[in-house]
Amino acid sequence: MPEYALEVQDYSFSYGKTGVNVLNGVTFSLDKGSFTALCGVSGSGKSTLLRAFKPELAVEGESSGQIRVLGDDPYTLSPVESATRVGFVMQDPENQIVTDTVWHELAFGLENIGMDTETMHRRVAETAHFFGIGGWFDRRTTDLSGGQKQLLNLAAIVVMQPAVLVLDEPTSQLDPIAAKDFFDVLERVNSELGITIIIIEHRLEDVLPIADRVLFLQKGGVLVYDGDRDGFVRMLVGNSEGFRGALPAATRMAACLDRAGLNIDEDAPFPVTVREGRTFIAEAVEHAREVDGCEIVSRPIGRTVPAENVAISARDLWFRYTKEMPFVLRGVDFDVHAGRIAALVGGNGSGKSTLLSALSGIRKPERGRIANPNKLHVALMAQNPKMLFVHDRLVDDFLEWKDIGKYSEKDVDDILERFGLAEMRTRHPYDLSGGETQKAALAKILLLNPDVLLLDEPVKGIDALAKKQIGEILTDLAVNEGKAILLTAHDLEFVSETAHTCSMMFGCEVTCTQDAHGFFVDNLFYSTPTARIARGTLEGCVTTADIAASFDANGGSDHE
Amino acid sequence: MAKGLFATYHPAVCMLFFLTAICFTFCTQHPVYVALTCIMAGAYLVYLRGVRPFLRSLGMFIPMVLFVGILNSLFNSAGATSLWKWGPFSVTVEGMCYGLAVGGMLAAILLWFSCYNEVMTEDKFTYLFGRKLPTISLMVSMISRWIPRMVSRGHSVYDSQEALIGGYDQTKSGKMKRGLRMATVLTGLGMEDSVQTADSMCARGYGATSRTSYARFKWHTRERIVLGLLIVLLVVNVVLLVTGTGSFKFYPRVSAIVPLWGYLTYALMLGLPFLVELERFKR
């Protein structure tokens with residue numbers, strides 16, 4: 001019996017003749033039944049590494065070193081063996097689905113490996129039961145939600161009983177609730193079926209609590225960390241400035257208190273969940289009060305919001321897609337202000353995207369009206385930024401609208417520079433990373449010089465670093481250039497750090513609008529993880545920076 | 001899922017039944033046969049869909065029968081019993097009867113097709129014709145996933161484009177240009193998608209060996225019995241039809257309708273979906 005589920009020995013990889021190594025002497029081995037998170041900044045060769053486990057998906061190029069799956073070289077396996085031994089779940093829920101019905105999708109892999117009908121029925125039934133998809137077994141795949149689609153993709157792989165399950169950012173396109181469901185099921189696949197899992201994920205918030213092993217790849221494809229969760233957290237807390245933002249809120253909060261010298265038990269593992277975070281902060285605050293005698297004052301609640309300056313306003317908006325369908329907007333009143341970033345949050349199907357498209361003017365409301373008294377130029381960025389690109393080179397794409405937008409080639413160069421995209425100017429737009437694509441789409445829209453920017457999920461599926469950059473760009477646009485910005489987002493932490501005001505949509509109405517800080521302090525459940533950690537202990541804290549500040553105000557520096 | 005036990009039978013049985021019903025309906029204009037097939041098809045549709053939707057569809061069928069009847073009586077002046085004459089038009093009782101029979105036949109065919117649609121869902125069809133040709137059945141399945149996706153994606157590309165540059169050029173050539181641009185974007189995205197779908201197929205062993213099929217239907221004794229019954233009724237009715245029970249003359253005079261046992265076998269055959277319901281009373 002082979003000892004490990006997966007072994008990688010001194011594996012290096014480079015694209016063709018360019019000679020630049022994407023992966024550099026990577027060595028590790030995974031125990032059977034382990035759950036491993038593979039982390040790294042974008043461009044560190046994570047996906048290339050995972051794809052090398054499966055010959056069918058391997059990236060073309062020069063490789064050296066050895067890979068063993070259950071003791072065998074995957075390239076020597078028979079096609080059927082190779083298909084079943086390693087299962088691969090990819091990022092996009094939509095594109096992985098091949099057939100039109102749920103049952104057919106589940107059966108697809110088994111049909112491919114020529115399984116007899118009786119065994120196939122049994123396998124499919126078992127799998128459908130395990131994943132709880134018996135209820136929508138007969139549905140058409142087009143009618144499923146994004147979360148259901150990705151669960152189906154997972155089920156369609158697990159039905160083939162892989163020894164190793166490889167996942168490449170499976171939840172980046174899902175909203176937070178669907179992502180949580182996905183991770184719950186994934187954890188069951190690991191703990192109840194004993195399937196070895198290795199996953200690339202930038203939602204460390206979700207994956208760290210369930211991973212028992214972490215691998216960290218640095219730029220250039222060098223494996224710099226291989227060990228347990230706490231060691232990984234400590235390494236990041238200590239250095240790697242760029243990636244630290246990806247840590248769970250509880251960990252970042254603890255790291256922040258640790259730097260202030262408020263970590264009571266230096267040897268105890270860092271908290272990663274909200275519950276652990278709450279315990280940690282309660283102890284730290286008590287310690288600070290009793291032992292060091294410092295007084296912790298609450299943070300002032302609320303954020304200064306730039307003055308009211310209505311750009312476009314909607315009054316009593318009612319909208320539905322067809323006369324037969326229910327209303328998607330019901331009596332919505334909403335103002336977008338120049339010089340402000342406003343955020344719309346709420347669940348899927350609450351009408352956020354519809355409100356944006358109504359404000360942009362492409363959807364005519366059935367009742368109510370939208371006023372744009374100053375005839376401002378409104379631009380809408382749709383959810384899939386790839387739709388904005390038609391050319392083979394990014395720079396050609398940026399020049400596409402130069403006649404209608406009346407801008408020059410110099411403007412294009414300037415904006416590429418400003419968005420840090422100058423290096424990518426001759427790249428194909430589809431070859432950009434998720435964060436780069438979002439930035440490029442935003443830059444292309446800005447060339448048209450709009451006064452009002454309506455952005456539908458501008459930070460969907462991108463890593464912490466890119467999120468931070470987009471937040472900075474938006475702030476600059478609103479505060480320094482006076483643009484009116486309205487964005488939707490599921491990432492509440494991003495909203496709390498970036499937006500001036502925040503509105504919640506529920507049941508096709510805008511239920512409340514408040515300054516972003518006050519909004520998350522006043523919300524009990526629908527709030528940032530940091531707010532949920534600090535509630536009851538440190539009032540008025542929504543972001544890690546708030547927590548740091550509330551200690552600083554009391555001479556936190558005394559502890560150093 | 002269509003109502004009724006018959007819809008749960010093996011697709012081959014259902015398919016044969018509908019083929020039989022539609023072919024027979026098409027082959028005879030005997031008034032009793034036409035009436036029987038109309039009644040049976042109508043009754044089955046009521047059983048499948050309920051009274052209300054059926055009544056709504058009647059709004060389409062009755063005018064059609066009348067229209068064909070009137071048209072035939074206007075343009076077909078064969079027949080001995082003339083009702084009235086106007087220029088080249090001569091309306092005869094026989095022409096009218098024939099027209100109504102043809103109208104009824106067309107209505108019955110449409111009714112049977114409506115029933116067919118309720119019972120023979122796409123998966124049953126693919127099962128019947130795709131099992132021996134797994135590649136074709138997979139292709140059908142993939143295409144029927146691809147079309148709605150492409151349409152909805154087309155809408156989003158159009159919207160995102162209109163929202164940004166729609167306002168600049170409202171002329172015809174501007175719209176043409178944007179249409180072309182949309183096609184380019186859709187092709188680009190489509191190619192990107194298909195690369196990933198191909199990856200997903202390869203990863204799950206597509207082409208690894210000869211494909212089998214997830215058959216959702218099995219042959220049971222019950223199915224074999226009903227299939228046997230259907231074949232017997234089919235043979236009997238074909239014989240009766242060929243030997244003359246089904247023959248009927250409209251011209252020059254409408255022949256008399258005589259009660260015959262043949263009508264009963266015809267009714268039994270078309271009533272098969274109701275016959276199989278008798279199983280409920282079995283103890």
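These legends go with close-up views of a predicted model.

**View 1. Where chain B meets chain A.** Here we're looking at the interface, with 43 residues of chain B in contact with 51 residues of chain A. On the chain B side, the elements giving two or more residues are α6 (134–165) and α7 (172–203). The top contributor on that side is α6(B), which puts in 15 residues.

**View 2. Helices α11 and α12 of chain A, packed together.** Helix α11 (residues 249–259) and helix α12 (residues 274–290), both of chain A, pack at an angle of about 20°, and their axes are 8 Å apart. Angles under 35 degrees count as roughly parallel, so that's what we call α11(A) and α12(A). The crossing of α11(A) past α12(A) is left-handed. From α11(A) come A:Ala249, A:Ala250, A:Met253, A:Ala254 and A:Leu257; they meet A:Val274, A:Glu276, A:Gly277, A:Phe280, A:Ile281 and A:Ala284 in α12(A). Sorted by class, that contact holds 9 nonpolar, 1 polar and 1 charged residues.

**View 3. Domains 2 and 3 of chain A.** The domain assignment of chain A makes domain 2 out of two stretches, 241–299 + 538–559, while domain 3 covers 310–529. Domain 1 of chain A takes 4–101 + 161–227. Between domain 2 and domain 3 of chain A, the C-alpha centres lie 33 Å apart. Where these two touch, 9 residues of domain 2 are in contact with 12 residues of domain 3. The domain 2 side has 5 nonpolar and 4 polar residues, with no charged ones.

Definitions and conventions. Residues are numbered from 1 along each chain as its sequence is written. Chains are lettered from A and ligands numbered from 1 in the order in which they are written. This is a predicted model: local features need pLDDT of at least 70, side-chain atom pairs count only at pLDDT 80 or more; totals for chains, interfaces and linings use all residues. Two residues are in contact if their C-beta atoms, placed from the backbone, lie within 7 Å. Helices (H or I, at least four residues) and strands (E, at least two) are DSSP runs, numbered from the N terminus. Axes are lines fitted to C-alpha atoms, for helices over the stretch in contact, and angles run from 0 to 180 degrees between N-to-C directions. Angles under 35 degrees count as roughly parallel, over 145 as roughly antiparallel, 65 to 115 as roughly perpendicular and the rest as oblique. A crossing is left-handed if the near helix is turned anticlockwise from the far one by less than a right angle, and right-handed if clockwise. Ala, Val, Leu, Ile, Met, Phe, Trp, Tyr, Cys and Pro count as nonpolar, Asp, Glu, Lys and Arg as charged, and the others, Gly among them, as polar. Domain bounds come from an automatic or database domain assignment.
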